[in-house]
Amino acid sequence: MLYVLNGEDDYSIRQALEEIKNRAAEPSVLAANTTVLDGQRANLEQLRNACETMPFLADKRLVIVEGLLERFEAKSKPPTRKSRGGDKGNDRQAIVACIRNVPDFTELVLVDGKISAQNPLLKELAPVAEVRTFPWLRDTRLRQWIQHRVSAAGSTITAGAVDLLAKFVGGNLWIMAAEVDKLAMYCVGRSIEEPDVRAVVSYSQEANIFAMVDAILEARSSVAERLMQQLLQQGAAPAYLLVML
């Protein structure tokens, strides 16, 4: 089976990968039957050997390749003499042929960040793969995720607190999960409310340049503007902010 997991939401990608791992083999033999390759560096022979190695004391073998699709993303720079488009095309065709002939006992997972729909390797593999894309969660979907995470932590939260948490943290679910867990411990025995979010959530307590840049990259304009104003009030020079951006 071939899986393609890609997108900006690395948290959800890792969750999906854990589900695949749990289905592939028992925990006691999973490590012995798992190979992780760097897709930017791995050659065809390494990929073929990893996929064709028989599983040990299990029915399935798991091969995870990180960044293989990104290797074939269109680049703004022209190809160098050592990396012509034709060579890359030949490389891609060889990889496609290898992947299409992966044995039934191998679960192959390609893991990447945000990938263009025009990615040539993705277009060729999509018909034979389970492709799952994980964009940043926003608006209603992000609020639903917060509600679910709060419930899983054994707590409850008001609608206003959900809105404020989404505004402060945005779609980075690694940070959101940590902030929800902190709030659940802070509010044991009662519902999480807006003052709790303002008191506990890191993004609401301290403005720093990295939080501002994250907010800009995630298109959280209101949070980015608030953090910028706080930085300016704390004495940060506008030129410094521009340089950091």
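This briefing outlines the overall build, the salt bridges and a surface patch of the protein shown above. The model is predicted. The protein comprises 13 helices and five strands, and its C-alpha trace extends over about 55 × 45 × 25 Å along the principal axes.

**Overall build**
- Of the 245 residues, 42% count as buried.
- Among contacts between residues at least 6 apart in sequence, 72% join residues at least 24 apart.

**Charges and salt bridges**
- The protein carries 29 positive and 31 negative charges, whose mean positions are 6 Å apart.
- The salt bridges number 13.
- In helix α1 (residues 10-24), Glu-18 and Lys-21 lie three residues apart, about one turn of the helix, and their side chains form a salt bridge (3.5 Å, N to O). Glu-18 is partly exposed, at 38% relative accessible area.
- Glu-45 and Arg-48 form a salt bridge (3.3 Å, N to O); they are three residues apart in helix α3 (residues 44-52), about one helical turn. Glu-45 is partly exposed at 44% relative accessibility, as is Arg-48 at 28%.
- Asp-181 and Arg-149 form a salt bridge (2.9 Å, N to O). This pair links distant parts of the chain, helix α8 (residues 173-186) and helix α6 (residues 139-152), across 32 residues.
- Asp-10, Arg-14 and Glu-66 are joined in a network of salt bridges.

**Nonpolar surface patch**
- Phe-210, Tyr-240 and Met-244 form a nonpolar surface patch, with about 320 Å² of accessible area together.
- Met-244 belongs to helix α13 (residues 238-244) and is partly exposed, with a relative accessible area of 34%.

Key:
Residues are numbered from 1 along each chain as its sequence is written. This is a predicted model: local features need pLDDT of at least 70, side-chain atom pairs count only at pLDDT 80 or more; totals for chains, interfaces and linings use all residues. Side-chain values use heavy atoms; hydrogens and water are left out. Patches are made of residues with over 30% relative accessible area and no salt bridge: like charges are joined within 9 Å, nonpolar side chains (Val, Leu, Ile, Met, Phe, Trp, Tyr) within 5 Å. Accessible areas come from the Shrake-Rupley method with a 1.4 Å probe; for residues, only the protein chains shown count as cover. A salt bridge is a side-chain nitrogen of Lys or Arg within 4 Å of a carboxyl oxygen of Asp or Glu. Helices (H or I, at least four residues) and strands (E, at least two) are DSSP runs, numbered from the N terminus. Buried means under 20% relative accessible area, exposed over 50%, partly exposed in between (1.4 Å probe, protein chains only). Contact means heavy atoms within 4.5 Å. Lys and Arg count as positive and Asp and Glu as negative; His and the chain ends are not counted. The place of a charge is taken as NZ of Lys, CZ of Arg, CG of Asp or CD of Glu.
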